[in-house]
Amino acid sequence: MDAPINPKDALGRRGEGAAIRYLTRRLGWTILDRNWRCRDGELDLVAYDGYRHVVCEVKTRSSLAYGTPAEAVTTVKAARLRRLAGRWADEHGVRATSIRIDVIGLVATGGTTGGTTGACDADEDLEGFAVDHLREVC
């Protein structure tokens, strides 16, 4: 029997799904990999924007109480994302230097997530999330 999913993991999964719909339906991108793993870690999403490959780190929060989602991407995390992007590139025959790394920050706005969270300076509102897409973060 599968263990129940805790609320934080459920929110993260919903946020990742919303991020995929934002990238594919609103921006017209193609998702190449979701939760791609290697021995060194995991990439949330790898997409193609029509010009280049883009690694998307998805950060979902229920509120802004502890800062914006993008603030969770520290310099250490950014360096790790760059290394993982290089591993993905090697495995897929892509030049690592051509890969861009974006952060998709989502904050629950109410809707199906319950409760409001306060203002979020975001580009989009999607399925109960404010979506802030930061391009080329590292």
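This is a predicted model: local features need pLDDT of at least 70, side-chain atom pairs count only at pLDDT 80 or more; totals for chains, interfaces and linings use all residues.
I started with E16 and R34, whose side chains form a salt bridge at 2.7 Å, N to O. For me a salt bridge is a side-chain nitrogen of Lys or Arg within 4 Å of a carboxyl oxygen of Asp or Glu. E16 sits in helix α1 (residues 7-26) and R34 in strand β1 (residues 30-38), 18 residues apart, so the pair links distant parts of the chain. Helices (H or I, at least four residues) and strands (E, at least two) are DSSP runs, numbered from the N terminus.

Residues are numbered from 1 along each chain as its sequence is written, and side-chain values use heavy atoms, with hydrogens and water left out.

Buried or exposed? I checked E16. E16 is buried at 9% relative accessibility, while R34 is partly exposed at 42%. My cut-offs: buried is under 20% relative accessible area, exposed is over 50%, partly exposed is in between (1.4 Å probe, protein chains only).

Next I looked up R100. R100 is buried at 9%, D49 is buried at 17%, and D102 is buried at 0%.

Last, I noted that R39, D40 and R87 are linked in a salt-bridge network. The structure holds eight salt bridges.
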